[in-house]
Amino acid sequence: MQTTLARRQRHRRSLNRRPTGRSGAVIRSILIAIPVVFVLVTIMLAGAGALFTVAAYNFYAQGLPDPQNTLNTLTFDQQTIVYDRTGKVELARLGTLRREVIGFKAIPEEMLDATTAVEDQGFWTNPGFDPSAIVSAGIDTLAGRPRGASTITQQLVRARLLPPEAFADSTYERKIREIIQSIRLTDAYPGDKGKQDIITAYLNQNFYGNHTYGVKAAAKGYFGKQLDELSLAQYAILAAIPQSPTRFDLMRNAEEVCLDANPPDPESDEVCQKSELQVPVTSEIVQR
């Protein structure tokens with residue numbers, strides 16, 4: 001009696017544990033199909049994304065000039081210099097635009113480091129643009145703190161390597177073309193040598209305010225020194241100016257300071273014998 005009852009109980013338990021043949025097969029099929037479908041959908045989305053990216057790249061790259069030829073033939077306007085008959089004594093400079101073109105070997109390392117630190121910390125390794133900087137700038141913009149994310153290469157491209165018609169479209173379309181051209185320029189000028197050519201053109205192109213273009217002329221115009229004679233602080237100041245040359249123009253930010261041993265009382269009629277222009281430490285350009 002007990003044996004028969006135990007046998008029946010075991011039989012019922014085995015029936016409860018074991019799914020019916022059809023239901024079990026369906027469940028197993030579903031469990032196998034889910035990861036397969038997920039992989040297939042992922043592959044399809046990746047393929048569609050790749051096709052879209054290639055199509056967009058080809059569309060926006062149309063009409064862009066060859067970056068290598070453009071940079072090779074890039075010229076920079078300079079003042080006309082009149083010398084005496086020996087060709088050594090400078091008599092005059094004609095024109096208000098001040099620029100002196102400089103080669104890479106004449107650019108101090110401190111100037112290079114200051115420029116990349118403030119404008120593009122990943123310059124020597126990035127492909128012409130910085131995806132992480134773009135995402136970060138986008139987040140800051142949404143949070144009400146708008147800022148740019150252009151690399152040094154992008155700034156040079158925007159200034160000199162885009163056709164005029166690229167600026168007729170929306171800002172977003174121009175930005176896409178700017179990034180594409182920056183990628184093409186980096187590909188055309190690979191390695192350290194290529195980066196050297198790009199940053200040299202950038203430093204010669206930049207406007208530094210006060211009718212001054214190029215870092216060499218800016219050093220002379222603002223500090224009265226050759227570029228390799230500046231202090232680290234002065235290199236940092238020059239590197240910070242191109243973000244907003246008009247607002248950061250040192251002449252506009254400078255104040256006259258009397259250097260006399262006994263400066264005259266401001267309320268008296270005495271005249272300061274020796275003075276110079278100084279940019280206050282609290283000014284926006286120095287803080288930057």
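Visitor: Which are the buried residues of helix α9 (residues 215-223)?

Guide: A residue is called buried under 20% relative accessible area, exposed over 50%, and partly exposed in between, with a 1.4 Å probe and only protein chains considered. In helix α9 the buried residues are Val-215, Ala-217, Ala-218, Ala-219 and Tyr-222. Helices (H or I, at least four residues) and strands (E, at least two) are DSSP runs, numbered from the N terminus. This is a predicted model, in which local features need pLDDT of at least 70 and side-chain atom pairs count only at pLDDT 80 or more, while totals for chains, interfaces and linings use all residues. Residues are numbered from 1 along each chain as its sequence is written, and side-chain values use heavy atoms, with hydrogens and water left out.

Visitor: What covers the buried residues of α9?

Guide: To answer that we look for contacts, meaning heavy atoms within 4.5 Å. The cover of the buried α9 residues includes the helices α4 (109-119), α8 (191-205), α10 (232-240) and α11 (250-253), together with β3 (98-99) and β4 (212-213).

Visitor: How many helices and strands does the protein have, and what share of its residues is buried?

Guide: The secondary structure comes to 12 helices and six strands, and of the 288 residues 32% count as buried. A view of the fold also comes from contacts between residues at least 6 apart in sequence, of which 57% join residues at least 24 apart.

Visitor: Where is Arg-177 found, and is Arg-177 buried or exposed?

Guide: Arg-177 is found in helix α7 (residues 171-188), and its relative accessible area of 12% makes it buried. Leaving aside residues up to four places away in sequence, Arg-177 touches Tyr-60, Leu-64, Leu-162, Ala-166 and Asp-169. With Asp-169 it also forms a salt bridge, where the closest N and O atoms are 2.7 Å apart, and Asp-169 counts as partly exposed, at 33% relative accessibility.

Visitor: Which side chain meets that of Glu-178 in a salt bridge?

Guide: The partner of Glu-178 is Arg-174, at 2.5 Å from N to O. These two residues are four apart in helix α7, so about one helical turn separates them, and both are buried. Salt bridges that share partners join Arg-158, Arg-174, Lys-175 and Glu-178 into one network.

Visitor: Which residues make the nonpolar surface patch, and which form the negative one?

Guide: Patches are made of residues with over 30% relative accessible area and no salt bridge, where like charges are joined within 9 Å and nonpolar side chains (Val, Leu, Ile, Met, Phe, Trp, Tyr) within 5 Å. The nonpolar patch, of about 340 Å², is made by Val-82, Val-89, Leu-91 and Leu-94. Leu-94 has its place in strand β2 (residues 90-94) and is partly exposed, with a relative accessible area of 49%.

For charge, Lys and Arg count as positive and Asp and Glu as negative, while His and the chain ends are not counted; the place of a charge is NZ of Lys, CZ of Arg, CG of Asp or CD of Glu. The negative patch is formed by Asp-265, Glu-267, Asp-269 and Glu-270. Asp-269 is found in the loop between β5 (255-258) and β6 (275-278), and is exposed, with a relative accessible area of 78%.

How values were computed. Areas by Shrake-Rupley, 256 points an atom, 1.4 Å probe, with all protein chains shown as cover. Salt bridge = Lys/Arg side-chain N within 4 Å of Asp/Glu carboxyl O.
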